[in-house]
Amino acid sequence: MPSYALTINGRSHTVESGPDTPLLWVLRDALGLTGTKYGCGQGVCGACTVHESGQAVRSCQISIAAAAGKRFTTIEGLGSRALHRCQQAWLDLDVSQCGYCQPGMIMAAAALLAENPAPSDAEIDAAMSDLVCRCGTYNRMREAIRRAAGRAGAR
């Protein structure tokens, strides 16, 4: 079985796997990083969102062969030293209901704020529009992103 080197949360790993194995399964099964969730498996819902060099990507759509040599951050690495401002805002506003999709949502929100530190509501809605929360916590997520951006209560 071929082996692949990649960097996850700042640590180097070498993983033996079939070349078509999705990064999601490598994270969860080989590396034990279960914070990244399996949702639809087709890149539609965003539950498996991680960062590739700071950009939000769907880990279920990236093969280990394509991931080799690249740097990824999972929800475990986002707040490895202290909670990321998005994680703290999620907790402060009690955003999660079932919580299943929230790691992907937080990763998408963190990527948005890294690129645009003060997004408008329309920009927040656009950035989060392709993620699915079955509990419908979209309004609380928008408020958490506002809070994380330092504009809590802004409309």
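Which residues are linked with Asp 121 in a network of salt bridges? Glu 143 and Arg 146 are linked with Asp 121 in this network, where a salt bridge is a side-chain nitrogen of Lys or Arg within 4 Å of a carboxyl oxygen of Asp or Glu. The model is a predicted one, in which local features need pLDDT of at least 70 and side-chain atom pairs count only at pLDDT 80 or more, whereas totals for chains, interfaces and linings use all residues. Residues are numbered from 1 along each chain as its sequence is written, and side-chain values use heavy atoms, with hydrogens and water left out.

The structure holds six salt bridges, and three of them are set out here.

| Pair | Closest N to O distance |
|---|---|
| Asp 130 and Arg 58 | 3.2 Å |
| Asp 125 and Arg 142 | 2.7 Å |

In the salt bridge between Asp 130 and Arg 58, Asp 130 lies in the loop between helix H6 (121-128) and helix H7 (138-148) and Arg 58 lies in strand E4 (residues 55-58), so the pair ties together parts that are 72 residues apart in sequence. Helices (H or I, at least four residues) and strands (E, at least two) are DSSP runs, numbered from the N terminus. Asp 130 is partly exposed at 42% relative accessibility, while Arg 58 is buried with a relative accessible area of 15%; buried means under 20% relative accessible area, exposed over 50%, and partly exposed in between, with a 1.4 Å probe and protein chains only.

For the salt bridge of Asp 125 with Arg 142, Asp 125 lies in helix H6 and Arg 142 in helix H7, so the pair ties together parts that are 17 residues apart in sequence. Asp 125 is partly exposed, with 34% relative accessibility.

Trp 25 lies in helix H1 (residues 23-30) and is partly exposed, with a relative accessible area of 31%.
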